[in-house]
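Subject: Two-chain model, handover and notes

Hello,

The structure is pasted below. My notes on it follow.

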Amino acid sequence: MEPFDNDELTEQELDAILPDWKAPVAPARLRAALFPELRMPWWKRLWGASFRIPLPVAFVLVILLVAATWRWAIPRDVPVRNDLQPVKEISLRIIRNADFKN
Amino acid sequence: MTPQQAFDQHHQAVYSFAWRLTHRRDIAEDITQEYFLAFIRAPHRFDPAKGSIKVFLFSITRNLALKQYRDDRGELPLDGSERLAGNDPRESIAISSAVASAVASLPHLQQEALILFEYEGVTLEEIAQIVGADIGTIKSRLHRGRERLRRILAEYRKEGNTHGTVR
């Protein structure tokens with residue numbers, strides 16, 4: 001009897017070792033990601049809806065929003081005349097044409 | 001078969017195959033999702049006359065994994081040149097890691113044939129259809145892959161299998 005040759009596995013030994021490499025279970029979120037309508041009512045889907053826009057477009061929108069807010073929030077420079085006072089008493093005077101005949 | 005039924009029956013196989021080919025959970029997840037999205041959008045692409053659903057799903061998964069490889073690492077060595085494994089199996093304590101590293105060290109074509117045959121239960125004929133080669137080539141790849149694994153994994157021989165072996 002000779003010592004066991006350790007340099008190579010037999011086919012049977014390899015068959016015994018290979019199953020030790022087990023794959024992980026696929027995550028449950030995969031199903032939810034692929035079939036979201038199966039788990040959520042419409043209002044929840046609407047609540048969670050999103051859309052993607054290109055960054056330059058988002059940038060322009062932000063600038064427009066800031067400009068609009070600034071324009072709305074800050075009052076315009078309207079000239080104010082301090083010499084004008086409210087009318088205290090209204091008195092009517094009828095001016096007739098000189099050619100007028102009663 | 002509805003997309004939901006297809007998913008329930010096959011998503012684990014697609015995920016496992018993708019994970020074993022790429023060794024990354026995130027990529028395996030992306031590939032599984034991409035595969036089923038394509039299936040949902042165009043279920044008519046699966047033609048039972050051309051082969052079983054198993055052949056169809058592993059073919060697509062293989063292509064997606066190859067695409068992922070190419071995107072990440074440049075062109076994949078498909079001609080038999082060997083890739084280095086991420087870890088040296090001699091330093092690995094767990095047999096599982098050692099097997100994963102050893103399989104990863106195989107040339108890609110041997111690797112996919114071995115994974116499909118040993119882990120996914122795909123027949124030689126089906127593997128030939130999936131990878132577009134003849135059965136003789138698949139047998140040869142499997143043989144060479146197993147031969148190399150027998151050498152690499154020699155030191156992970158299980159206790160029970162060593163006793164009583166006489167030359």
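A crossing of two helices is called left-handed if the near helix is turned anticlockwise from the far one by less than a right angle, and right-handed if clockwise. Helices (H or I, at least four residues) and strands (E, at least two) are DSSP runs, numbered from the N terminus. This is a predicted model, in which local features need pLDDT of at least 70 and side-chain atom pairs count only at pLDDT 80 or more, while totals for chains, interfaces and linings use all residues. Residues are numbered from 1 along each chain as its sequence is written, and chains are lettered from A and ligands numbered from 1 in the order in which they are written.

Chains

Chain A has four helices and zero strands. Of its 102 residues, 6% are buried (20 or more other C-beta atoms within 10 Å of the residue's own; exposed means 12 or fewer, partly exposed in between; C-beta atoms are placed from the backbone). Chain B has eight helices and zero strands, and 37% of its 167 residues are buried. Among contacts in chain B with a separation of 6 or more, 62% join residues 24 or more positions apart; a contact is a pair of residues whose C-beta atoms, placed from the backbone, lie within 7 Å.

Helix 1 of chain B

Axes here are lines fitted to C-alpha atoms, for helices over the stretch in contact, and angles run from 0 to 180 degrees between N-to-C directions. Among the residues that meet are B:Ala18 and B:Trp19 from helix 1 and B:Tyr35 and B:Phe36 from helix 2. By class, this contact has 14 nonpolar, three polar and one charged residue. Ala, Val, Leu, Ile, Met, Phe, Trp, Tyr, Cys and Pro count as nonpolar, Asp, Glu, Lys and Arg as charged, and the others, Gly among them, as polar.

Most residues other than glycine have a negative phi. B:His23 counts as partly exposed because it has 15 C-beta neighbours inside 10 Å.

Helix 1 of chain B also crosses helix 5 of chain B, at roughly 140° with the axes coming within 10 Å; this crossing is right-handed. B:Ser16, B:Phe17, B:Arg20 and B:Leu21 meet B:Glu112, B:Ile115 and B:Tyr119 there.

Beyond its neighbours within four places in sequence, B:Leu153 is in contact with residues including A:Leu9, A:Leu14 and A:Ile17.

Interface

In all, 26 residues of chain A are in contact with 35 residues of chain B. On the chain A side, helix 1 gives the most, with five residues. That side divides into 16 nonpolar, two polar and eight charged residues.

Regards

Methods: Two residues are in contact if their C-beta atoms, placed from the backbone, lie within 7 Å.
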